[in-house]
Amino acid sequence: MSTLLDENTTHTLREGAFGHARALACRECGHEVALGPSYACPECFGPLEVGYDFPTVTREEIAAGPANIWRYKALLPVPSDIEQSPNTEPGFTRLLEARNLARELGIEKLWVKDDSTNPTNSFKDRVVACALSAARELDAKVFACPSTGNLANAVAAAGARAGMKTVVFIPSNLEQPKQVNSAVYTDRLVAVDGNYDDVNKLASEIAGEEEGWAFVNVNVRPFYAEGSKTLGYEIAEQLGWRLPDQVVIPVASGSQLTKVDKAFRELVALGLVEDKPYRIFGAQATGCSPVSVAYKAGTDAIRPVKPDTIAKSLAIGNPADGIYVLDVCRRSGGAVEDITDDEVRDAIVLLARTEGIFTETAGGTTVGVLKKLVETGQLDTSLETVVINTGHGLKTLDAVSDRVGAAATIAPSYDAFVAAGIV
Ligand SMILES: *Cc1c(COP(=O)(O)O)cnc(C)c1O
Ligand SMILES: [Zn+2]
């Protein structure tokens, strides 16, 4: 059967277009539909997720693969020749032991998974690489996304490398560096007067009206979302094929957090790591914390909010995967917590000064929440903990430009230096 993005062509899916993926399965009722540009269950409108018939995969096979996400291609909805198609080759970023930050916070063993070093400096390159593969296999004519910033950067860059027509939509009040980081790759950056939820609605409307468009996080969202699993695979492999005890992850739509959990469960099921309990924690900024609010209220009902926070990359007021985040965090014995914008700024500086890692506001949110989880006794400081840094501080300079700067401005003389008394 052919599954088309454009009903006017006769494009037929090639054999193995989605690797070992079997079907799209509804997360609510389990109903399965054929692999294609679908994202809502025809039976109950629940979200669709990629289901697989995995082959046997060994640690050795994975280790022999490239130093990017394609080392896990057997576990992703991509063809076995994925490396042949131009893409940004994201992933296999550093897992750094954070001894200074651990000492500062009173945690025994702490790691930072540093995704700020991806090709466009955020974890979004992972999900976009998987979406790009799906767009290609479905013969999409346009590669597109609604974005809070980082996704637009990643889509614009990947589209350029793939030679595809690319259109990215952002809220018009987005940080200037994130606008430039998209516009440099594409002539088709569209700034929309509205917040992310407005931009997202517009994208769904265009996806319904126009033919041949692959919106990475709308009509090919099930394939896009699988890219986040590679964060979980890498953490386990880099720990020497072990699961950590606790992971702290930022929450925007909530997709990443739920996929790290999915990755850990798959590794256990495939016999690649030993089964053990692990706790997953979600991090939000108070100015956009619908999931944290629901967690603390002990309810499953997530009430959408109008975002008001400097953590713009996390500013999704109506998070599609929020309810699944609650499930993962509650089931695993974790929690969802939020912090103020001032705490976000403090945490950006804290991470920079303890570990030499400059994170954006999303990472400030995650590190600040880690600190709050310790202070409130929600995180066990004797257990091995991983915090995910999802983006780069150069994209949100304004967040800390008032807090840091020259210690002194002096004349170019030794006397002036000594007089300034800075050492
Ligand atoms: C998009 C984004 C997130 C959150 O991703 P979701 O999967 O939507 O929860 C976290 N950090 C950064 C820097 C992002 O750009
Ligand atoms: Zn369903």
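**First stop: ligand 1**

Select Thr390 together with ligand 1: an N or O atom in the side chain of Thr390 lies 2.7 Å from a nitrogen atom of the ligand. Please bear in mind that this model is predicted.

Then select Lys124, whose side chain places an N or O atom 2.8 Å from an oxygen atom of ligand 1. How much of the accessible area of ligand 1 does the protein cover? On its own, ligand 1 has 390 Å² of accessible area, and the protein covers 98% of it.

To widen the view, display the 15 residues around ligand 1; those that come nearest are Lys124, Ser253, Gly254, Gln256 and Thr390.

**Second stop: the zinc ion**

Now select ligand 2, a zinc ion, with its protein donors: the SG atoms of Cys26, Cys29, Cys41 and Cys44, at 2.3 to 2.4 Å from the ion. Along the sequence, these donor residues follow the spacing C-x2-C-x11-C-x2-C.

Within this group, highlight Cys26 and Cys41, a pair that links distant parts of the chain, 15 residues apart. Cys26 belongs to strand 1 (residues 21–26), whereas Cys41 sits in the loop between strand 2 (32–33) and strand 3 (48–52). Are these two residues, Cys26 and Cys41, buried or exposed? Both Cys26 and Cys41 are buried.

Finally, inspect the angles at the zinc ion. For four tetrahedral donors, the ideal angle at a metal is 109.5 degrees.

Note on methods. Residues are numbered from 1 along each chain as its sequence is written. Chains are lettered from A and ligands numbered from 1 in the order in which they are written. This is a predicted model: local features need pLDDT of at least 70, side-chain atom pairs count only at pLDDT 80 or more; totals for chains, interfaces and linings use all residues. Side-chain values use heavy atoms; hydrogens and water are left out. Donors are N, O and S atoms within 2.8 Å of the metal (3.2 Å for Na, K and Ca); water is not among the atoms, so sites may look incomplete. Helices (H or I, at least four residues) and strands (E, at least two) are DSSP runs, numbered from the N terminus. Buried means under 20% relative accessible area, exposed over 50%, partly exposed in between (1.4 Å probe, protein chains only). A residue is near a molecule or strand if one of its heavy atoms lies within 4 Å of it. A polar contact is a pair of N or O atoms within 3.5 Å; within protein, one must be able to donate a hydrogen and the other to accept it, and residues adjacent in sequence count only if both atoms are side-chain atoms. Accessible areas come from the Shrake-Rupley method with a 1.4 Å probe; for residues, only the protein chains shown count as cover.
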